[in-house]
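Me: Could you walk me through reading a fold from its coordinates, one feature at a time? I would like the general idea each time, and then the case at hand.

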Amino acid sequence: MQKNALPDPSAAEAPDLDQWQRLYEAAAAFKSLAPWDYLTDTEFIMIDLPGYPEPVFCSILGAGGLEFGVSVYPGYVAFEALERYLMPGDDEQPLMVALEQRALTCGFGDREDITPKDREILRELGLRFRGRNQWTYFRSTSPGQFPWYINAEEARLLEETFAQLLAVCRRMVAGQIEVEPTEHEYLRWYQEDGEWKSRPFPIQSIPYPVTMFNLQVTDELLLHRLKKQKRTKAVLEMEFGFLPFHVQSSKSLPPLAPFFVAVFDRSGKTLVMQHIVQGEERIEGTPAAMLIEYIQQHGKPATIYVRNEQRAGHLKQLCEDFGIRLNVSGKMHCSDEFFEMMVETLMSEFSQ
């Protein structure tokens, strides 16, 4: 893996046996420290790993006595999505936010949590577990993908994270670290002049990113046609995200959540257009493509409302190019009613 990048969840290469051996050894050492006796899952440890562009955020699981382990959120985008999930505002649909998470998890569960693939690895390593909350497993979650097995790149990141997380936890248990994370101030573990140090890091100092998709129309003929379209008084809502149901084309591939885009007439509260991404179709440009299609069919709207700044990032460039007002609003009545209706419909179909 290139050290100037965060791990790619779609990478196909599986960890080799040596990697698994090191991971299970690190997990055993971590479990023996029982850091959940000292930290809750919202008292994050922020680690600056050498060679990586952004820190990883570690959440220790187990203080509540329900699930044990650690979840690692690689980078600011992953942590921002987690924050929106933990503290959802009025502008969020919790089910959609849950499917935007990016995390690597080492869990200590029960026998029922282990799959045949996990058992095969355990057999090759000669490992056995007994009892509740003792069975170690590793999972990867990414936007639109339900928990799945980690790949080699993710295993390497977990290895390097465990090395520093163990160092932090051992010093905390021994009382050698004065800084303690809280829900408002995290512990930052970083390297300076060859020495690892800790310091408090206020939550408000985290640079939450907003991804911008600078999609521009390069087809001159299409651009000319779009600019010639009439300007209307239409006020739209645009919603897009993942639906809380999985589609798995093969048992060897991760289960995926369908991605949908919907366009509403905000005044008439009617659905104008919708699209569900399927197969190999990429989701990144789909909202912008839907806006282009809308302009071709109906003209340039006056205003488009979206749920949050993350959604706005998909459309901002096109709206600027065509003089469309883009508003971020927590009041997305059309979108909320449509999403809830779609979820209810799909749930009834899946339950039959």
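Me: How many bridges join strand 12 to strand 13?

Reply: The general idea comes before the count. Strands of a sheet pair through backbone hydrogen bonds, either parallel or antiparallel. Two strands count as paired if DSSP finds at least two bridges between them. Strands (E, at least two residues) and helices (H or I, at least four) are DSSP runs, numbered from the N terminus. Here strand 12 (residues 303-306) and strand 13 run parallel, joined by four bridges. Thr-303 stands opposite Arg-325 in strand 13, and Val-306 has Val-328 as its bridge partner there.

A word on the source: this is a predicted model, in which local features need pLDDT of at least 70 and side-chain atom pairs count only at pLDDT 80 or more, while totals for chains, interfaces and linings use all residues. Residues are numbered from 1 along each chain as its sequence is written, and side-chain values use heavy atoms, with hydrogens and water left out.

Me: Which strand does Val-235 reach through its bridge partner?

Reply: Val-235 is partnered with Thr-303 in strand 12. Strand 9 and strand 12 run parallel and are joined by three bridges.

Me: What is the order of the strands in the open sheet?

Reply: The five strands are ordered 11-10-9-12-13, and their pairing is mixed. Strand 11 (270-277) and strand 13 (325-328) each have a single partner strand, so these edge strands are left without a neighbour on one side. On average, neighbouring strands of this sheet are turned by 20° against each other, direction ignored.

Me: Which helices pack on the sheet?

Reply: For this we need two conventions. Contact means heavy atoms within 4.5 Å. Axes are lines fitted to C-alpha atoms, for helices over the stretch in contact, and angles run from 0 to 180 degrees between N-to-C directions. Helix 7 (residues 286-298) packs on the sheet and touches strand 9 (235-242), strand 10 (259-265), strand 11 and strand 12. The direction of helix 7 makes about 140° with that of strand 11. Helix 8 (residues 309-322) also packs on the sheet, touching strand 9, strand 12 and strand 13. Its direction makes about 175° with that of strand 13.

Me: At what angle do helix 7 and helix 8 pack?

Reply: They pack at about 30°, with their axes 8 Å apart. Angles under 35 degrees count as roughly parallel, over 145 as roughly antiparallel, 65 to 115 as roughly perpendicular and the rest as oblique. Helix 7 and helix 8 are therefore roughly parallel. On the helix 7 side, Pro-287, Ala-288, Leu-291, Ile-292 and Ile-295 meet His-314, Leu-315, Leu-318, Cys-319 and Phe-322 of helix 8. By class, this contact has nine nonpolar, one polar and no charged residues. In that scheme Ala, Val, Leu, Ile, Met, Phe, Trp, Tyr, Cys and Pro are nonpolar, Asp, Glu, Lys and Arg are charged, and the others, Gly among them, are polar.

Me: How do helix 1 and helix 4 pack?

Reply: Helix 1 (residues 17-33) and helix 4 (residues 116-125) pack at about 90°, with axes 10 Å apart. These two helices are therefore roughly perpendicular. Leu-17, Trp-20, Gln-21 and Tyr-24 in helix 1 meet Ile-121, Leu-122, Glu-124 and Leu-125 in helix 4. The contact divides into six nonpolar residues, one polar and one charged.

Me: Is Phe-240 buried or exposed?

Reply: Buried means under 20% relative accessible area, exposed over 50%, and partly exposed in between (1.4 Å probe, protein chains only). At 2% relative accessibility, Phe-240 counts as buried. Phe-240 lies in strand 9. Not counting residues up to four places away in sequence, Phe-240 touches Met-96, Phe-259, Phe-260, Val-261, Pro-287, Arg-311, His-314 and Leu-315.

Me: Which residues touch the most other members of the largest nonpolar core?

Reply: In soluble globular proteins, nonpolar side chains tend to be buried together. A nonpolar core here is a set of buried Ala, Val, Leu, Ile, Met, Phe, Trp, Tyr and Cys residues joined through side-chain atoms within 4.5 Å. Of the 45 residues in the largest core, Phe-30, Ile-45, Val-70, Phe-138, Phe-162 and Leu-165 touch the most other members. Helix 5 (residues 152-173) gives the most to this core, with nine residues. Apart from this core lies another of 29 residues, among them Leu-236, Ala-257, Met-273 and Ala-312.
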